[in-house]
Amino acid sequence: MGNSSGTPKAGPGIRQPARDGSHAALTTGKRRGEAGEPATESLAGWLAARSDAQLVALLELRPDLAVPLPSSMAVLAARAEQRASVLRATDDLDTLEFAIVETLAVHRATGSGGTPMSRKALRAQLKDRVKVAAIDAALARLSDRALVWNDGDDLHLIPATAEALPWPIGSTTEIPDALTEPEVVAALTAVSPAERALLDKLATTGPRGRTRDAAPGTPADRPIQQLLGRRLLHWIDEETVELPVTVAQVLRREPVTHPHALKPPEPPPTKHAPTEVNAVAAGEVGELLRHCADILEALGQAPAPALRAGGLGVRELRRIAKQTGIDEPRAGLLVELLAAAKLIEKGMPDPPPEFDSTDDFWAPTPAADGWRDAPPARRWVALAQAWLDLDRMPWMIGMRDANDKPLAALSIELRTPHAPRDRRTILNLLAEYPTGTAFDPTDIGRLLAWRQPRWRRHFRAEAVEHTVDEAAKLGFIGRGALASPARALLHGSPTSTSDAESEMESALPEPIDHVLVQADLTVIAPGPLTPELQSRVALVADIESAGAATVYRISDTSVRRALDAGMTAAELHTLFTTHSRTPIPQSLTYLIDDVARRHGQLRAGMAQSFVRSDDPALLAQVLSSPVASELALRAIAPTVAIAQAPLGELLERLRAAGFAPAGEDSAGTIVDLRPRGARIAVRPHARQPYRPTPPSTEQLELLVAELRAGDRAASARNGQAVRPDGTRTSTAATLALLQLAARVRRSVNIGYVDAQGVASQRVVEPLKVGNGQLDALDPVTGTIRHFTLHRIASVALLE
C-alpha cells in the first residue's frame, strides 16, 4: 500500500509562496479600516502601517526576518511569506490559532471567489465552541507574527501558513464522528498483526495511504476493510484511506488532542504545602550533591576508559555504580550531569594510568576541586543550570538503538537538539501555577500538546514522565510540584543565579555543628554538618550509611588516616569532646591513643625513600621481614634505612606487612600523602553548542528605524542625480551636488555601501561636506550621521 502525506496541498484559493522569495502582493479592493484603522492593500503596506513597537515585537517573535537587515518593507514582507520562516513561526501556535488558520485556508480554497473572510464571519463560525474574546486574542497573536494581516475587517492568511497545520486540513472545520481514546485502545486490542502493521506504517509515514482494497466490493475479510469497519481508518475514495488523528496519536503514544477542541484542557491539580515541596526538593539536593562527590572521587581514583565512539561503557558505569552504592540509571544521569557541568572530561588524565594506553579516559577536571569546596547551594545551581541547558536525554541510557545495541552514557547518540526546549517547556508549565501545585505527567503532556500541537510528539507520556523524574532527582520538583529554587532559576537572568542560590540556601536545612558518638564507635550526624566539621569527621571516620542522618564508623584504619593527614591524638580527642552531644565512650579514647602510640614510630622519607625509627629494635624487625627484600631496604645507621621504592609504595607495602609508618618531610613534620586522584584539563578547543544571542529591544528599535529610513528612501521621488564612476569629473559632480544640497538645506537620496559591503538607500539632509566625509541629518532618527565620500554609490536630489 502506497502512502501519501496528509499535509494540506495548495488548492485553487491557497497560493504557494514565490520560489524566488519575492514579495507577491495580496491585493484587494480598497476598504475603509475599522475604528479609524487605515486600509491596506498588501502585506507590505500593512507592515508599513504598523507602529514601531509592533514591528519590534514582530522581530522578537521572528528574529530570522531581521538577518540580514531588510532594505524596505517590501523585502520584509517577502521574507515574512517565505515557507521556511513561516514554519518556524508556527511552532508556538496553539490549537485555537491553528483552527483559525485552517478556517481561513478552507474559506479561500472552497470557491470564495478570491474574497477574503471577514472577522465577523470567522467569529460566527467559531463562537459556538469558544468565546469571541479568545478568538480575538488568537487573531492578535497571529497578527503579531505577521501570519495573518487585515484589510479593514477582511482577514488575509499568509499562504504558507496552511502548510504548517499539524493535522489534515478539514480536521477542525469538519468535526468527524471519530472514536474516543478509550474506544481506540479497545479497538486496537482486537486487530490482527497484519492490520496493526498497516496502522503503524500510516502512523509513522503519513496519515493517508493508497490501496485498491478501499474500493467497494472488496472482500470483507481484507485488512483494509476490517479496519474501515472498526472505524480505525477513514474512507476517502476508492483508492485512498486516512488514519484518524486520534488513532495515530494513540499508536505513537502521543497525548491525545482533538483538532476541534478549541478550549485548553483543565487538568485537576494536586495541592501541597510549599514548605513541604521545598523540603522534599532540598532532601533530594542533599543526596544529589553527595552522590556527585562520590562519583568524582571514584573517577579520580580510577579513571574510566572511554569507548572508541566517545561514551562510557556499560561495564565502567556498572563499576562506578557498585563502588559508590548508586543504582545504574541514577549513576548514568549523574555522569551526564557532571560532564555537562565540565566537572568530568574525556582525555588523558594526570597522572596517567598505571598501564600503557593511548586511549582517552573519563576523569574529573580541576574545576571539580573548586566545586566540592563551594557552598551546597552554589554547587546545586551549577548542576541545575547544566541540566537545563543539556542538549541530551540521559533517560535514554540503556535503550536500544537501530542496530539493537544499548545506548551508552555520554555517547553521541543521546544528543537531541530540542531537549533543552522540551525540558524548559515542561518546567515553565508548572511555573505558571502557585508553588505546591502538581499535575500528573499525562495531564502535562495533554496540555502542552494543545498549546503546541506541532510539537506534540515531543510530549509523549514516556518523555514527560522521564523528564519529571529527572527534575525530581535534581531537586527541581518535590511531590510533583515545582520548588521555589527551581522557579527562581527559571525566571532569573541567564547570567545571574543569585536568587536561585538564595532560595536553595533557605530550603536546605541549616548545617549543624554537633554529632552523636555511640558506644559501638559509630558517629551519627543528625543533619548536614558544617563544611569544616564534615571534612574532619569524614577524615577520621568512614560513612556507613547516608541519608537525612549520616552514620559514620571509626576504625583503626580511619584513625590512622587522620593521623597520616597530620592530625594529632590530642586534636582527635578535642574534636569529639567539643562536637559530641553524647559522652565520649572509653573505647574510642583507647582506640585513638593505641593507634597514635604506634603511629609514627616508624618514619619514611625520600631517598628514593628512607625509613627511620628512634627504636633500633623496631627498625631491625623491619629489615628482617620479607618486605625488606621486596623494597630493597638497606640500613645505613642503627635507626635509618633507605629504599629504592617511591615513598608512596614504601608506605603502602610496610602497612600491608603490619607496620604503621607515617610519612614525613625534610624537617621531620608528618605530611599528608593521600592520593589526590587523577585530573583532566578542560580542552580549550572543545566544541561548545552554538546558541545565538537574541538582539536586545534597543537593537531592534534601531533596526526598525533603519528599516523606516530605507523604506522612505525607496519611495522617494528623485530629481537631479549623480552616480560616481571613479572618474575625476563624476567625483567633482558628486561633491558639487552634495554641497548644493547643504547650502539650500535640501534632502538627498544617497546610495551607500558600508564597510561590510552592505548596500542601502538613505534619505538625509547634508550639513557639511569636507575632509572625505559627509555629515548629514537623518530625519527619521533626528541624529547626525557620518558617511565616507568614496563609499557613496549615488546621490539624487529629492523633488
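This is a short tour of a predicted model, one selection at a time.

**Start with confidence.** Colour the chain by pLDDT: the mean is 83, and 88% of the residues reach 70 or more. Now select residues 1-38, where the pLDDT is below 50; beyond near neighbours in sequence, this stretch has 84 contacts in the model. Where pLDDT is low, the predicted coordinates should not be read in detail.

**Next, the aromatic pairs.** The structure holds five of them. Show Trp380 and Phe476, a tilted pair with 5.8 Å centre to centre and 50° between the planes. Trp380 sits in helix H16 and Phe476 in the loop between helix H19 and strand S13, so the pair ties together parts 96 residues apart in sequence. Both residues are buried.

Now move to Tyr752 and Phe787, an edge-to-face pair at 5.1 Å centre to centre, with 75° between the planes. Tyr752 belongs to strand S25 and Phe787 to strand S28 (residues 783-788), so this pair ties together parts 35 residues apart in sequence.

**Stay with S25.** Select residues 748-753 together with S29: these strands pair in the antiparallel sense over five bridges. Look for Gly751, which stands opposite Ser794 in S29. Six of the seven residues of S29 (residues 792-798) are buried, so this strand is largely enclosed by the rest of the structure.

**Finish at helix H26.** In residues 616-623, highlight the buried Leu618, Leu619 and Val622. Looking down the axis, you will find the buried residues within an arc of 95°, so they line one face of the helix. At the start of H26, a side-chain oxygen of Asp615 comes to within 3.1 Å of the backbone nitrogen of Ala617.

Conventions. Residues are numbered from 1 along each chain as its sequence is written. This is a predicted model: local features need pLDDT of at least 70, side-chain atom pairs count only at pLDDT 80 or more; totals for chains, interfaces and linings use all residues. Side-chain values use heavy atoms; hydrogens and water are left out. Buried means under 20% relative accessible area, exposed over 50%, partly exposed in between (1.4 Å probe, protein chains only). Helices (H or I, at least four residues) and strands (E, at least two) are DSSP runs, numbered from the N terminus. The arc is that of the directions from the helix axis to the C-beta atoms. A polar contact is a pair of N or O atoms within 3.5 Å; within protein, one must be able to donate a hydrogen and the other to accept it, and residues adjacent in sequence count only if both atoms are side-chain atoms. Two strands pair if DSSP finds at least two bridges between them. pLDDT is the predictor's confidence in each residue, from 0 to 100. Contact means heavy atoms within 4.5 Å. Rings of Phe, Tyr and Trp (its six-membered ring) pair if their centres lie within 6.5 Å; planes under 30 degrees apart count as stacked, over 60 as edge-to-face and the rest as tilted.
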